[in-house]
Amino acid sequence: MTPLAAHATCTLLVITDFVVRALRIKWLTKGVGYRLSFRDAFSVNALGDAASAVSPLRIAGEPARLGAMLRAGVPATAAFVTITYEVLAAWPVILLSAGILAWRYAPAWWSSVAPEMSKAAREAWPWIVFVAVVTVGLWVWLRRAVPSVAHHVRRPLRRMLVHWRRMPWGPLLASTPLSFVNLATRVAILPVLASTLPSPPPLGSMLIGSFALLYSQLILPTPSGIGAVELGFMGGAAGNMGDQQGGILLLWRLYTTGIGVVVGLILGVRIFGWQAIRNLIRPPRPESN
């Protein structure tokens with residue numbers, strides 16, 4: 001594939017991902033009895049993407065989406081239940097896809113990448129130790145910080161149960177294929193970029209590597225898995241991409257993370273104003289007497 005065709009394809013994949021996720025949360029919101037326009041649904045997800053990408057353990061993502069849904073007129077309890085349903089619909093798709101990829105490609109992937117990853121680990125062991133220390137430190141900090149955050153966002157149980165009972169099965173079932181499209185579009189970006197190489201790695205290795213590098217970010221505590229993801233990529237988790245590996249990594253980060261952060265920041269400024277976004281990034285200093 002030519003570079004121009006690869007970039008056009010990746011752009012289309014990113015747009016498709018934004019659209020299907022907007023439809024998913026729009027339909028689930030309708031299922032709990034409230035309306036969310038496509039424009040608002042798109043903004044909710046974009047703002048959540050940006051907040052997740054720049055916060056440890058993606059901790060700011062759901063509060064950002066809740067805030068955007070509140071601004072769009074969805075009551076807090078209904079918004080919370082909608083996002084919970086979205087998670088319930090997405091995780092079975094992620095686990096099923098992981099099982100299918102492992103069954104189909106894992107043995108060949110391991111035999112092809114294990115030597116390269118072992119060599120990279122021996123050469124980069126100080127960086128591995130540093131990333132491990134930072135990871136453990138953030139997990140310890142988050143374990144102490146998250147309970148207090150959860151206490152402030154807790155919703156009355158009885159009101160939540162009302163919305164749970166009202167949710168029809170239709171929107172929940174309809175969201176499942178959208179979750180598959182969401183996963184497929186994101187995983188496909190790396191193989192598309194690698195197709196521009198003279199000798200791209202085997203497709204199976206790229207699919208498993210792409211999936212692992214993307215969805216490990218859900219459990220890695222550093223923002224967007226920074227450090228650990230780059231280490232795995234450069235170590236050959238998605239196959240050996242030769243001298244152009246660094247460039248492919250930058251482009252992959254652009255399409256999977258960078259565009260979402262930029263779009264989310266722009267929409268966040270439009271929704272909440274620049275001062276609110278600035279205060280989230282850097283709280284104002286207390287006035288001196």
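S52 has a relative accessibility of 6% and so counts as buried, where buried means under 20% relative accessible area, exposed over 50%, and partly exposed in between (1.4 Å probe, protein chains only). S52 sits in helix α2. Helices (H or I, at least four residues) and strands (E, at least two) are DSSP runs, numbered from the N terminus. Not counting residues up to four places away in sequence, S52 touches R58 and G61; contact means heavy atoms within 4.5 Å.

The model is a predicted one, in which local features need pLDDT of at least 70 and side-chain atom pairs count only at pLDDT 80 or more, while totals for chains, interfaces and linings use all residues. Residues are numbered from 1 along each chain as its sequence is written, and side-chain values use heavy atoms, with hydrogens and water left out.

The chain as a whole has eleven helices and zero strands. Of its 289 residues, 40% are buried. Among the contacts in the chain with a separation of 6 or more, 76% are between residues 24 or more positions apart. The chain exposes about 15,800 Å², and carbon and sulfur atoms supply 69% of that area. Accessible areas come from the Shrake-Rupley method with a 1.4 Å probe; for residues, only the protein chains shown count as cover.

Helix α2 covers residues 38–53, and its 16 residues should span 22 Å at 1.5 Å a residue; the end C-alpha atoms are 22 Å apart, which agrees. The expected span of a helix is 1.5 Å times one less than its number of residues. Besides S52, the buried residues of α2 include A41, S43, V44, N45, A46, L47 and G48, along with A50, A51 and A53. In α3, the buried residues are G61, A64, R65, L66, A68 and M69; G61 is also one of the contacts of S52. Just after α3, G73 takes a positive phi of about 100 degrees.

Rolling a probe the size of a water molecule over the atoms shows where empty space is left. On a 1 Å grid over the protein atoms alone, a cavity is a set of points where a 1.4 Å probe fits but cannot get out, and a pocket is an open set with protein on both sides within 12 Å along at least five of seven lines; lining residues have an atom within 4 Å of a point. The largest pocket holds about 1,400 Å³ of space. Grid points are joined across faces, edges and corners, and a volume is the space filled by probe spheres set on the points. The lining of the largest pocket consists of 48 residues, and those nearest its centre are S52, R58, E62, R65 and L218. Two or more lining residues come from each of α1 (3–31), α2, α3 (61–71), α4 (76–123), α5 (125–153), α7 (169–194), α8 (203–215) and α10 (245–272). The most, nine residues, come from α4. By class, the lining has 26 nonpolar, 13 polar and nine charged residues. Here Ala, Val, Leu, Ile, Met, Phe, Trp, Tyr, Cys and Pro count as nonpolar, Asp, Glu, Lys and Arg as charged, and the others, Gly among them, as polar.

P177 lies in α7 and is partly exposed, with a relative accessible area of 45%. P177 and A90 are 87 residues apart in sequence, while their C-alpha atoms are 9.6 Å apart. T185, also in α7, is buried at a relative accessible area of 6%. Leaving aside neighbours within four places in sequence, T185 is in contact with L13, T16 and D17. I15 belongs to helix α1 and counts as partly exposed at 46% relative accessibility.

Beyond neighbours within four places in sequence, A194 is in contact with P200, P201, M206, M241 and I248. A194 and W252 are 58 residues apart in sequence and 9.5 Å apart in space, C-alpha to C-alpha.

M206 is one of the buried residues of α8, which also include L207, I208, F211 and Y215. Eleven of the 13 residues of α8 are buried, so this helix is largely enclosed by the rest of the structure. At 1.5 Å a residue, α8 should span 18 Å, and its end C-alpha atoms are 18 Å apart, which agrees.
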